[in-house]
Amino acid sequence: MTRVFVICVPEDSRLFDRLVEQARAAKLAVEFDRMQVKEPWVPAWKGQARTRIFKCNGVIVLISKNTNKGGLAWELECARAVDLPTLGVHADKLDKGAVPQELLDWPVVEWNWPDIARFIHSVAKG
């Protein structure tokens with residue numbers, strides 16, 4: 001089974017739910033993981049985040065106007081450390097949030113299921 005780690009701020013948990021529902025409706029063999037609580041200043045949290053990210057095949061970053069409220073840098077750094085394929089997804093094309101600096105080397109798309117599904121399929125093969 002393909003495992004994809006999803007990075008988003010807690011205020012955007014509805015976006016995570018939307019992603020899971022779309023994958024379920026498309027009958028994709030994918031399991032999503034995320035850290036719901038953001039405590040990057042806590043060493044145990046950092047260790048748990050690193051372990052969970054390292055077990056994944058790829059990363060999706062959900063970007064919204066809430067994204068820069070913090071807590072995402074550590075997760076992005078962990079994904080970069082093991083060179084996991086990463087896709088940024090703007091949740092709202094009319095009210096886009098700023099793309100995190102750590103994500104500037106990776107593709108960023110507006111939310112559309114074909115691009116997201118294509119990314120998931122590509123990490124499943126990789």
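## The cavity

There's one cavity of 30 Å³ or more in this structure, and the model is a predicted one. A cavity here is a set of points, on a 1 Å grid over the protein atoms alone, where a 1.4 Å probe fits but cannot get out. The largest cavity holds about 50 Å³ of space, with volume taken as the space filled by probe spheres set on the points.

Its lining (residues with an atom within 4 Å of a point) is made up of Leu-76, Ala-79, Arg-80, Leu-84, Thr-86, Glu-102 and Trp-106. By type, that's four nonpolar, one polar and two charged. Helix 3 (residues 73-81) supplies the largest share of this lining, three residues; helices are DSSP runs of H or I with at least four residues.

## Lys-38

Look in the loop between strand 2 (30-33) and helix 2 (43-54) and you'll find Lys-38; strands are E runs of at least two residues. Lys-38 is buried, at 11% relative accessible area, where buried means under 20% with a 1.4 Å probe and protein chains only.

The side chain of Lys-38 makes a polar contact of 3.0 Å with the side chain of Glu-75 (N or O atoms within 3.5 Å, one able to donate a hydrogen and the other to accept it). A polar atom of the Lys-38 side chain also sits 2.9 Å from the backbone oxygen of Met-35. Leaving out residues up to four places away in sequence, Lys-38 touches Cys-8, Val-9, Pro-10, Trp-45, Gly-71, Leu-72 and Glu-75, a contact being heavy atoms within 4.5 Å.

## Ground rules

Numbering starts from 1 along each chain as its sequence is written, and side-chain values use heavy atoms, with hydrogens and water left out. Local features need pLDDT of at least 70 and side-chain atom pairs count only at pLDDT 80 or more, while totals for chains, interfaces and linings use all residues.

Technical notes
1 Å grid on protein atoms, 1.4 Å probe; cavity = no way out; pocket = protein on both sides within 12 Å on 5 of 7 lines; lining within 4 Å. Nonpolar A, V, L, I, M, F, W, Y, C, P; charged D, E, K, R; others polar. Buried < 20%, exposed > 50% of the residue type's maximum accessible area, 1.4 Å probe, protein only.
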